[in-house]
Amino acid sequence: MNFLGFAESEDEVRDALAEACGGLTPYLPAPDSVTYYADPGNVKQYLAAGVPVRVTNVAPIPPALIIQGFAVVVESSGEGVAEGIRTMLRDPETLSARQNACYEYIEAFTWDRIFTQVLGDLSATFSPETMDV
């Protein structure tokens, strides 16, 4: 396991995620921190790269990510984070299944699919049959 720390560029982030099998976002429960109230973008980056993530129960994580198993909440303590890492690495089959589930889930959010859906909706809304032209 490698803890990479701060990445200088988006390219560095993408390269690291391309080789990752799991992610960790250990936020401390500090009400004076922006992450206490914000939705951290790195969780979404992990998901887009097919990287299941362990998160502390601080930042608001969409429940769907937890229900689907993409994100697993761990306790905001050294032991809680360590147990989250051990659990993730202990079961390669579950980890692989979660990685595949990430890819399948995120596939619904590609630009091609989003534009096709939006343009399809617009086409139906503004078709000659629905317009008084």
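**Reading patches, cores and salt bridges**

Guide: Let's start on the surface: Trp111, Phe115, Val118, Leu119 and Leu122 form a nonpolar patch there, with about 550 Å² of accessible area together. Before we go on, this is a predicted model, in which local features need pLDDT of at least 70, side-chain atom pairs count only at pLDDT 80 or more, and totals for chains, interfaces and linings use all residues. Residues are numbered from 1 along each chain as its sequence is written, and side-chain values use heavy atoms, leaving out hydrogens and water.

Visitor: What are patches made of?

Guide: They take residues with over 30% relative accessible area and no salt bridge; nonpolar side chains (Val, Leu, Ile, Met, Phe, Trp, Tyr) are joined within 5 Å, like charges within 9 Å. The areas come from the Shrake-Rupley method with a 1.4 Å probe, and for residues only the protein chains shown count as cover. Here, Leu122 lies in helix 6 (residues 111-125); helices (H or I, at least four residues) and strands (E, at least two) are DSSP runs, numbered from the N terminus.

Visitor: Is Leu122 buried, exposed or partly exposed?

Guide: Buried means under 20% relative accessible area, exposed over 50%, and partly exposed in between (1.4 Å probe, protein chains only). Leu122 has 41%, so it is partly exposed. Leu24, in strand 1, is buried because its value is 16%.

Visitor: Which residues have the most contacts inside the largest nonpolar core?

Guide: Generally, nonpolar side chains tend to be buried together in soluble globular proteins. A nonpolar core is a set of buried Ala, Val, Leu, Ile, Met, Phe, Trp, Tyr and Cys residues joined through side-chain atoms within 4.5 Å. The largest one has 13 residues, and Val43, Val53, Ile61 and Leu65 have the most contacts inside it. Helix 1, helix 2 (41-48) and strand 2 (53-56) each supply at least two residues of this core, with helix 2 giving the most, 3 residues.

Visitor: How many salt bridges does a search of the whole structure find?

Guide: Side chains of opposite charge can pair when their charged atoms come close. A salt bridge puts a side-chain nitrogen of Lys or Arg within 4 Å of a carboxyl oxygen of Asp or Glu. The search finds 5. One of them joins Asp11 and Arg14 (2.3 Å, N to O); these two are 3 residues apart in helix 1, so about one helical turn separates them.

Visitor: Which residues do shared partners join into one network?

Guide: Glu83 meets Arg86 at 3.0 Å, N to O, and also Arg90 at 3.6 Å. Salt bridges that share partners join Glu79, Glu83, Arg86 and Arg90 into one network.
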